[in-house]
Amino acid sequence: MTTRENTGGHAAPASAAGRIPRSTYRVQLNHGFTFRQAAEVVPYLRELGIGDLYASPYLQARPGSVHGYDITDHASLNAEIGTDEDHVRLAGVLREHGMGHLLDIVPNHMGIAGHTNPWWWDVLEGGPDSPHAAYFDIDWDPRQPELGGKILLPILGDQYGCVLERGELKLVYAGGLFRIEYFENRFPVAPASTAAVLREALARLDGVLDEEHPDRMELESIATALERLPARRRTDRQSVVERRREKIVTQRRLSGLYGMSGDVAVAVDQAVAAFNGTPGDAASFDRLHELLEAQAYRLAFWRVAAEEINYRRFFDVNELAGVRVEVPQVFQDTHRLILRLVREGKVTGLRIDHPDGLFHPRDYLRDLQAETAGVDARERFYVVVEKILTGDEKLPEDWPVAGTVGYEFLNRVNGIFVAGANLQAMDETYRRFTGIRARFRDLVYEKKAQILRFALVSELTVLTTMLDRISEKNRLYRDFTWGALRDALREVVACFPVYRTYIDAFAGEVSDRDRRYVDQAVRLAGRRNPSVSGSIFDFVRDVLLLHWPDSLTEDDRQQHARFVMKFQQLTGPVMAKGVEDTAFYVFNRLVSLNEVGGEPDRFGVSVDEFHAFMAERAERWPGALSASSTHDTKRSEDVRARIDVLSEIPEAWGRAVNRWAGMNAAHRRDEDGEPIPDRNDEYLLYQTLVGAWPLGEMDAEAHGEFISRIQQYMDKATREAKVHTSWINPNEAYDAGLRDFIAAILRREGDNPFLADLAAFHRPIARLGMVNALAQTLVKLTAPGVPDVYQGQEIWDLSLVDPDNRRPVDYALRRTLLAGVRERMRGDRGALCRELVERWEDGRIKLFVTHVALCAREDNADAFTAGEYLPLAVTGARAEHAAAFARRGGGSTLLTIVPRLVATLTGGDVPGAEAWADTAVAGDETRGRWRNLFTGAEIDAGNGGLPLADALGDFPVALLEKVEG
């Protein structure tokens, strides 16, 4: 096979339209890994065999952002990541190496924390009349009358009155403008309301400047001009223009006057001080309170304001506000820079973050294609969507995309390494240890309902108010109370079987798919609430499925349609928060299954199911990403590969966790009769230790770092679980007790039998996990789809959930390892493979598999990008322990063979030739002569098939290229 002999001189990528990457490599850009550093690793990535650099969002985000999803300015690149010149250089380096660039973009929401988002600042200052008010999804007419025309901002650390009277809210003057400061937070003050401050300053000038003094008269004139500004609720164009003009004029006048007149400056400063009050004198804060009441926002305590937040958020994150990208002007303003980068060829593909949060995903994607590929283009621009598919749910085929980012792929591949036959035994082990007997589906319902009661209650409140107004227009349903409608909506959403539906309520379009999901959700809600009248659920179903009375006016129909569209924006966040961020940290039977888009109660995937999925993918979505780790996965691919092994040894695992619990019992605390940690959290901890325990010996510093990582992970896991502690209401006793427990059981000082026992148990698990990891890596790199390598995971990476998986990557090490592997590949491949197996812990074996398979993809592009997927049968005594498929196209045929369920096969060793007995890959497609691209050996296959002893005898996985026959 061909290997990369140099890193320069490659042809530039084809035109963006119609271009599908060969492979992608995801990097996390931030102040610690910039455009310049990304450009430096491009030659290494090209040498590795990568086709496209896949970057996290890099438009201007909140200062210090490590992920880039909190964009504050769509018009500029993130200054912490680099300059325009740095970006141009990165694009040039990619072009020189024949590589494309896939960019992650964020159309659903923006970051609003601090004061760096100019659109949000403008809305806070101007309220509904701000030209940017339509950019954000804000309910200006909420159920609470006192919030009419205001935005609730839950950012205070205590009750508003307490914060105010402690003097923590400060009025500040600078440059002709006033603002409110709360520690690092800043908020604008509407110009009209500042007249009160200037009146206070004028009072301070009594006896200092007479009434006809020019400076006093100018200050009087400015205050009068501000008082005469049109009221904020007047949103006609003339009023809006006048407010904006006078704001600029008065700012300039006040700034000039303040700078020229010392007396005025002193008076303004004194007025500001008077407004800021004196702690201990409650009445002294009355003026500041009145000033705050005059603003288009209301500051509130972050813990108690969830129910009244009246702007759509990203999930339950108050600092991320939903954007109305369905508005044409908003689409243009949020995409102008991105589209320019596309047209200049600097970006060749787009990854769409959280499309389920959009008002109308299909229309958004069509608009995006029109802008990138062109309205009349025959070929699409490469776009993938972060769409989470549940169970056997299909991606809507009318979306103009290449596919998803690959979570459904990840879960199918991971599933073939889980021993489905051991479900009952693993279930029993889990139940005996934890006492938990709840079904996963019941847990999901319970946690989704919990999310709707606490975390996303404000979004439910907005929907309920909309539905209540709809019911009032229908005499058959007007007697439903607001509370009854809220409860019915909560139950329907909690029972929703998928992330969301895609009904086009304005066009009156309901697909059969969506009708089934709505019917199912309403039916399940009715069953779970037998004491509730079925008529209210019928009403909800009729509204969602557009069964509206003929008597409705056009305005009423528009209200109905908007309710349905907004309802669909809520079900996804509830599913994500209730399942991914809650239930997945509670149902801990086998946590390698608790992955984004995963179904922990689907215990394993058969080889036949795997083949059926891949065949359909090859036919319908050959350009979809094939992921095994992402920035959102709960644990890395290598951690999951180890934990999968536990499914094969339920009895040994059960004995181990019970033994460890006994050894560590003395370190458990007791708080009010409850143990810390509880049995379920302890069960999760032991799986995490088995999965993440580092390779090789750790010095004292590394050991301390590992303890800290596990403490941080378990702190996040237990808060997400929301059983004993949470982010909103932390239980300090439980949190501290868990951290101390982890430190105690992992201590190396003194006698600690647990560490020795864990090490002995872990050793064979790590070895078998290595085989699983290589197998899933090879499947990812050769199966239908575009393989994606998450940063640094071309060698062993035992990271846990974010932020653990965003740690810096040692690219110098990876360059050195790749150079050494490539040099050795020029010699005896068989000797190299034996060495890599023997020294597997150094990570070169995974790098070797990745490099060889990526090069094979490039050398046989037709077979892998648009070629056939051929499922192959495995026969013989060990048939259940292998999976095989072929890719054929462009005159090439390549065969992938991977082992599975290896612990059951060997009892703990890496399988050699003797482990496979008479097992073979059968079928006419296997006949002929094959070259093993890893070992270099050639294999003849006849009527009896291709023997696995030959294919897998010298290396754990096989990628074979047909050379004859």
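A: Strand β1, helix α1 (residues 35-48) and strand β2 make a right-handed β-α-β unit. Right-handed means that, with the strands pointing away from the viewer, the path from the first strand over the helix to the second runs clockwise. Helices (H or I, at least four residues) and strands (E, at least two) are DSSP runs, numbered from the N terminus.

The model is predicted: local features need pLDDT of at least 70, side-chain atom pairs count only at pLDDT 80 or more, and totals for chains, interfaces and linings use all residues. Residues are numbered from 1 along each chain as its sequence is written, and side-chain values use heavy atoms, leaving out hydrogens and water.

Now the strands. β1 covers residues 24-27 and runs parallel to β2, with four bridges joining them. Two strands pair if DSSP finds at least two bridges between them. R26 has Y54 in β2 as its bridge partner.

β2 also has a link to β5 (residues 100-105). Four bridges join these two strands, and they too run parallel. Here Y54 has L102 in β5 as its bridge partner.

What covers the faces of β2, and are its residues buried or exposed? Both faces of β2 (residues 52-55) are covered. D52 and Y54 lie on one side, L53 and A55 on the other, and all are buried. Buried means under 20% relative accessible area, exposed over 50%, and partly exposed in between (1.4 Å probe, protein chains only).
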